[in-house]
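Student: Could you take me through one part of this model closely? I would like to look at the place where the two chains meet.

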Amino acid sequence: MSGPGPDPTAQPPGNPDRLYILTGGQTRPEAKTELDLVTLIVTRSESDPGLQPEHTAVVRMCDFPLSVAEISAYLELPVSTLTPLLTELLSKGEVEARPPVPTAALPDVQLLEAVMNGLQKL
Amino acid sequence: MDYKSSDGYAGPRSEDILPASATAAVKVVIVGGFGVGKTTLVGSVSEIRPLTTEETMTQAGVGVDDLAGIEHKTETTVAMDFGRISINEQLVLYLFGTPGQERFWFLWNGLFEGALGAVVLLDTRRMEVSYDVIGRLEERGVPFVVGVNAFPGAPRYPMSELRTAMDLDESVPMIDCDARDRASCRDTLMALMRYLYTLTTVSTESQ
């Protein structure tokens with residue numbers, strides 16, 4: 001691994017080529033895993049050395065739970081580009097997904113009470 | 001500063017790490033026009049410095065600036081700021097700020113799905129944005145409260161007048177919200193939770 005400091009050949013985040021390579025030109029994975037912006041991603045195992053840098057970064061970052069939105073922010077990748085990458089890591093068993101609390105039409109009372117108690121402490 | 005690892009990607013600072021016990025998250029959306037204070041509100045209550053996530057929308061170009069034989073596409077990138085509040089060891093609340101203008105509604109699908117509800121931040125200088133937003137939320141069946149972020153020097157109207165101007169149902173809570181003030185923002189979120197609570201208990205009783 002080279003030392004810290006920006007790689008002069010690195011492409012800026014959001015560069016279309018970079019996005020294309022990351023997703024392998026595929027923006028819609030066949031097996032659709034429902035990933036919400038607030039699905040929490042947690043690493044399950046030591047990262048596989050054969051992974052692409054972005055994949056490795058996710059695996060390293062998610063030692064502790066992180067939402068899809070946070071990962072997107074830290075990697076500076078749009079959510080639509082990140083989703084297939086996460087789907088791949090999920091299918092390889094590198095990470096696990098903790099889905100958001102399901103809220104049907106209306107959230108349940110216990111959930112709301114928990115949130116109110118939490119907000120009260122702010 | 002963000003922690004930069006050897007692979008060059010920033011990750012959360014050590015103080016921004018969630019406990020391993022965090023099992024699930026919920027979200028609330030803050031919606032309003034440009035400059036109304038969405039990010040300020042998020043920053044006032046968030047335990048992390050607000051982060052930015054991006055979403056892109058690709059549209060086939062419509063004849064403008066077309067180069068012969070080259071397929072022309074335009075890509076719009078929209079940034080959304082968000083923050084986080086740990087409710088307890090297991091539960092995390094995320095707050096997303098999203099622009100209310102119609103051209104950004106493409107963001108709304110993933111965003112409002114599963115959201116507890118929304119806070120509409122009202123800018124009394126530009127009421128029309130909020131008017132559209134409210135109509136759209138009603139259509140989607142997203143419960144919301146209205147926070148009136150009173151800017152210094154902005155025209156002040158009685159709540160009743162604002163309610164009438166927006167054609168807002170009596171049951172929808174309206175609250176003064178100073179987006180810079182943590183307690184005021186917390187109270188606005190509490191107003192949303194109480195409103196949701198009322199809606200939930202009423203609908204349970206009527207079953």
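Tutor: Start with the contact itself. Chain B puts 49 residues into it, and chain A puts in 43 residues. Bear in mind that this is a predicted model.

Now look at the side of chain B that touches chain A. Several elements of chain B each give at least two residues to it. Among them are strand 3 (24–32), strand 4 (51–60), strand 5 (73–86) and strand 6 (91–99). Helix 2 (108–112) and helix 5 (182–205) are also on that list. Helix 5 of chain B gives the largest share, 11 residues. By type, this side of chain B has 26 nonpolar, 15 polar and eight charged residues.

Next, step back to chain B as a whole. Chain B has five helices and nine strands. From the N terminus, their order is β-β-β-α-β-β-β-α-β-α-β-α-β-α. Chain B has 207 residues, and 40% of them count as buried. Take the contacts in chain B with a separation of 6 or more: 72% of these join residues 24 or more positions apart.

Finally, pick one residue in chain A. A:Cys62 sits in the loop between helix 2 (53–61) and strand 2 (66–67) of chain A. A:Cys62 counts as buried because it has 25 C-beta neighbours inside 10 Å, and the cut-off is 20 or more. Leaving out residues up to four places away in sequence, A:Cys62 touches A:Ile41, A:Val42, A:Thr43 and A:Val95. A:Pro100 is 38 residues from A:Cys62 along the chain, and their C-alpha atoms are 16 Å apart.

Terms used. Residues numbered from 1 in each chain as written. Chains lettered and ligands numbered in written order. Predicted model: local features only at pLDDT ≥ 70, side-chain atom pairs only at ≥ 80, totals over all residues. Contact = placed C-beta atoms within 7 Å. Helix = DSSP H or I, 4+ residues; strand = E, 2+ residues; numbered from the N terminus. Nonpolar A, V, L, I, M, F, W, Y, C, P; charged D, E, K, R; others polar. Buried ≥ 20, exposed ≤ 12 C-beta atoms within 10 Å, placed from the backbone.
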